[in-house]
Amino acid sequence: MYYRDALHSAFLPILSSSVFDNTGKPYDVSRILTPDFLFDRDKFEAYSNVYLPITYALAYGVQFAGLSALVTHTACWYGKEIWQVSRQSMVSDEATDSLTYTPLGHSEDINSHRSSRKRAGSTVEAGIDTSMQGEDVHTRLMRRYEDAPASWYLMTFIAMLAIGIFVVEYYPVYLPWYGLLFALSITAVLFIPVAIVMALTNQHSSLYLICQIICGTVFPGRPVANMVFTTYCYISSAQGVKFSSDLKLGHYMKIPPKLLFQVQMFATLVSSFTQIGVLNWMFANIPSLCQPDGINGFSCPLARVHFNGSILWGVVGPQRFFGRGGLYQPLVWFFLVGAVAPIVVFGIGRKRPMNSIWRKINLPVLFGSLSWIPPATGLNFSVWALVCFIFNSVVRKRRPEWWGKYTMTLSAGLDSGLAVGVVVIFFGIVFPGWMKGFMWWGTEIYKQGCDWQACPYKTLKPGETFD
């Protein structure tokens with residue numbers, strides 16, 4: 001597609017986190033905005049349309065497929081279970097509320113407890129795993145602790161919602177208060193499918209794109225509003241899943257729920273102020289931060305993707321890209337591909353044995369992982385594939401005992417070592433200026449190829465455009 005100049009991609013780099021104008025140069029969004037950061041149609045028509053590198057365009061396509069696949073995959077494989085468990089939740093809660101913690105020290109106590117569990121679970125429909133009804137040993141041991149009241153969560157939600165409404169109404173972000181409620185409602189609807197995929201695969205299915213598209217459709221021409229809407233929508237989902245994971249860990253570690261809630265609240269406040277402080281310090285002390293020539297690699301590729309998305313959906317709008325006559329309208333068909341593909345896989349896999357490869361195919365994860373290109377590159381994916389193959393295939397088959405005991409510990413150790421090493425190297429070597437002027441073959445050779453220089457396949461003469 002690239003070498004055939006599909007979607008004018010041959011005049012652009014094959015892989016880039018930037019968007020471009022019709023001369024092949026990075027798009028200057030300031031040329032199509034008013035002083036209030038709103039879309040100016042006349043300036044846009046006088047300047048240029050927005051063009052995507054081929055990998056960027058295909059990344060949007062697989063994100064479309066991943067979103068629709070998330071819904072149909074969850075409905076096909078887990079829809080019946082979710083419905084049955086939800087329908088029985090009130091009944092099972094009433095049954096478990098009558099149970100209290102009793103130490104099991106003798107055989108007659110164990111038999112009595114088993115009988116009470118059987119009576120408590122008698123109202124649960126056949127075919128539902130009792131572990132989903134809260135009847136496992138961890139839940140029994142946690143009954144000695146008092147649950148965190150639902151009013152604590154409700155008051156926290158109301159307080160944070162009030163702050164959010166104040167922010168969007170008081171500051172010039174051009175997002176009305178009902179836009180904030182709309183963003184949170186999207187997260188609420190899609191939270192269960194996202195959490196199920198995360199629990200099974202440890203991969204988070206991002207709501208990033210659908211939030212951008214919806215905001216670009218409902219509130220067109222507002223790039224700042226698009227970024228705020230997307231942040232509330234996406235972060236609510238991501239942090240909600242992480243919060244649930246922390247609650248699960250506390251459940252297994254037998255931490256009292258009230259204490260766990262207090263610790264989470266304190267950690268959230270500390271991390272919020274810490275991150276804001278670090279961010280402001282970086283802007284004040286690191287030159288050329290988030291620029292392509294940023295010092296020591298501080299080019300902010302993920303932030304630039306977020307900014308480019310606000311240009312595409314918040315300024316130009318989905319209609320100009322994917323509407324009738326739009327250059328990237330064919331990418332809309334990926335929605336249909338993502339919706340139908342899990343149904344096909346489910347139809348084949350449900351008739352196969354439990355160890356069949358068809359039952360292990362998870363299309364939301366497949367599509368979702370590819371959507372990270374850009375800012376991820378082929379190097380990121382090749383290293384990831386090699387490491388995963390070595391540990392999850394070779395080591396797991398040849399040394400299953402070692403794999404089961406040390407893999408997760410090794411992963412956590414490497415992550416921790418990387419974090420500590422980055423802090424030590426930055427503040428001990430880079431920030432004091434000891435690396436200034438340091439140069440050798442290894443620091444320069446990778447800059448001599450088109451991967452770094454972002455060379456297009458076709459070039460234009462000065463003053464020419466390709467549209």
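# Exercises on a predicted helical model

Helix α7 (residues 208–218) packs with helix α10 (residues 301–316) at an angle of about 30 degrees, their axes lying 9 Å apart. This is a predicted model, in which local features need pLDDT of at least 70, side-chain atom pairs count only at pLDDT 80 or more, and totals for chains, interfaces and linings use all residues. Residues are numbered from 1 along each chain as its sequence is written, and side-chain values use heavy atoms, with hydrogens and water left out.

**Exercise 1. Describe how α7 meets α10, from the crossing to the residue classes.**

Step 1. Two packed helices are described by the angle between their axes and the distance between the axes. Axes here are lines fitted to C-alpha atoms, for helices over the stretch in contact, and angles run from 0 to 180 degrees between N-to-C directions.

Step 2. Look at the handedness: α7 passes α10 in a right-handed crossing. (A crossing is right-handed if the near helix is turned clockwise from the far one by less than a right angle, and left-handed if anticlockwise.)

Step 3. Now find the residues in contact (heavy atoms within 4.5 Å). From α7 come Y208, L209, Q212, I213 and G216, and they meet V305, H306, G309, S310 and W313 of α10.

Step 4. Sort them by class: 5 are nonpolar, 5 polar and none charged. (Ala, Val, Leu, Ile, Met, Phe, Trp, Tyr, Cys and Pro count as nonpolar, Asp, Glu, Lys and Arg as charged, and the others, Gly among them, as polar.)

**Exercise 2. Work out how α5 is oriented to α6, and which residues join them.**

Step 1. Helix α5 (residues 150–170) and helix α6 (residues 177–201) have axes 8 Å apart, at an angle of about 135 degrees. α5 is therefore oblique to α6. (Angles under 35 degrees count as roughly parallel, over 145 as roughly antiparallel, 65 to 115 as roughly perpendicular and the rest as oblique.)

Step 2. The crossing of α5 past α6 is right-handed.

Step 3. On the α5 side you will find F157, L161, G164, I165, V168 and E169, which meet W177, L180, L181 and L184 of α6. This contact has 8 nonpolar, 1 polar and 1 charged residues.

**Exercise 3. Which residues with a positive phi can you place, and how accessible are they?**

Step 1. Most residues other than glycine have a negative phi.

Step 2. H8 has a positive phi, near 60 degrees, and sits in the segment before α1. H8 counts as partly exposed because its relative accessibility is 24%. (Buried means under 20% relative accessible area, exposed over 50%, partly exposed in between, with a 1.4 Å probe and protein chains only.)

Step 3. K254 also has a positive phi near 60 degrees. K254 belongs to the loop between α8 (223–252) and α9 (257–285), and its relative accessible area of 22% makes it partly exposed.

**Exercise 4. Is N22 buried or exposed, and what does it touch?**

Step 1. N22 lies in the segment before α1 (41–47). N22 counts as buried, with 9% relative accessibility.

Step 2. Neighbours within four places in sequence aside, the contacts of N22 are Y47, S48, N49, Y51, L460, E464, T465, F466 and D467.

Key:
Helix = DSSP H or I, 4+ residues; strand = E, 2+ residues; numbered from the N terminus.
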